[in-house]
Amino acid sequence: MDLGEATAPLVAVVGVVGALLSALLTQRAADRGRQRELDRVEQVRERRRHAQELRACSVALNASARQYLAALTDQVHALGRDEELRVVRQRLTQARDQYRDVYAEAQVRLPERVLDLVAGLSHDLGAVYGMVRRLDDGLPRAGDSPEAVRERIDELWGRLRRTRREMRAELAGYAADPGR
């Protein structure tokens, strides 16, 4: 057999194998590209879902804290007026319970810098609640008075506004940073 005769089929086989491998490699590269794009889209969806959950948690926390503060205020105003005290007490208990549930969720969802503010606010809400309950029960401690409670509630409204600004800043960070 002549070398030329053997080379031609060999070149043809190599050419066909090369063409097949080229198509296979091109297909694999395209598959990898599609997979990377799918992964990127999934990451964007996940970030959006997380941002939506964070927003929902922040909204619920803000709303429940506002209801709790309003119920504390109503309780202080109702002290000494027995006819409305039962309804106001019940509202305060419900607002406090709702806040505790929302706060529990916030503890696992909110970022640390916001959670630190919320934890301090929560602690002080509990302290004011204790003052209100002691006044309602007729067993005040030194420093417990309706005026002191009102002052603390006013301070807590200001702290809630600052906390709300931090929550909004955190949410804005998710909108500005797609890699978060």
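Modeller: In this predicted model, α2 and α3 are roughly antiparallel to each other, because their angle falls in the class over 145 degrees. Helix α2 (residues 82–109) and helix α3 (residues 112–137) pack at about 160°, with axes 12 Å apart, where axes are lines fitted to C-alpha atoms over the stretch in contact and angles run from 0 to 180 degrees between N-to-C directions. The crossing of α2 past α3 is left-handed, meaning that the near helix is turned anticlockwise from the far one by less than a right angle.

On the α2 side, L85, R89, L92, R96, Y99, Y103, A106 and Q107 meet L115, V118, A119, S122, L125, Y129, V132, R133 and D136 of α3, contact being heavy atoms within 4.5 Å. By class, this contact has 11 nonpolar, two polar and four charged residues.

As for confidence, α3 has the highest mean pLDDT among the elements of the chain (96), and helix α1 (residues 3–78) the lowest (89), on the predictor's scale from 0 to 100. The chain comes to four helices and zero strands, helices being DSSP runs of H or I with at least four residues and strands runs of E with at least two.

Residues are numbered from 1 along each chain as its sequence is written. Local features need pLDDT of at least 70, side-chain atom pairs count only at pLDDT 80 or more, totals for chains, interfaces and linings use all residues, and side-chain values use heavy atoms, with hydrogens and water left out.

Technical notes: Angles under 35 degrees count as roughly parallel, over 145 as roughly antiparallel, 65 to 115 as roughly perpendicular and the rest as oblique. Ala, Val, Leu, Ile, Met, Phe, Trp, Tyr, Cys and Pro count as nonpolar, Asp, Glu, Lys and Arg as charged, and the others, Gly among them, as polar.
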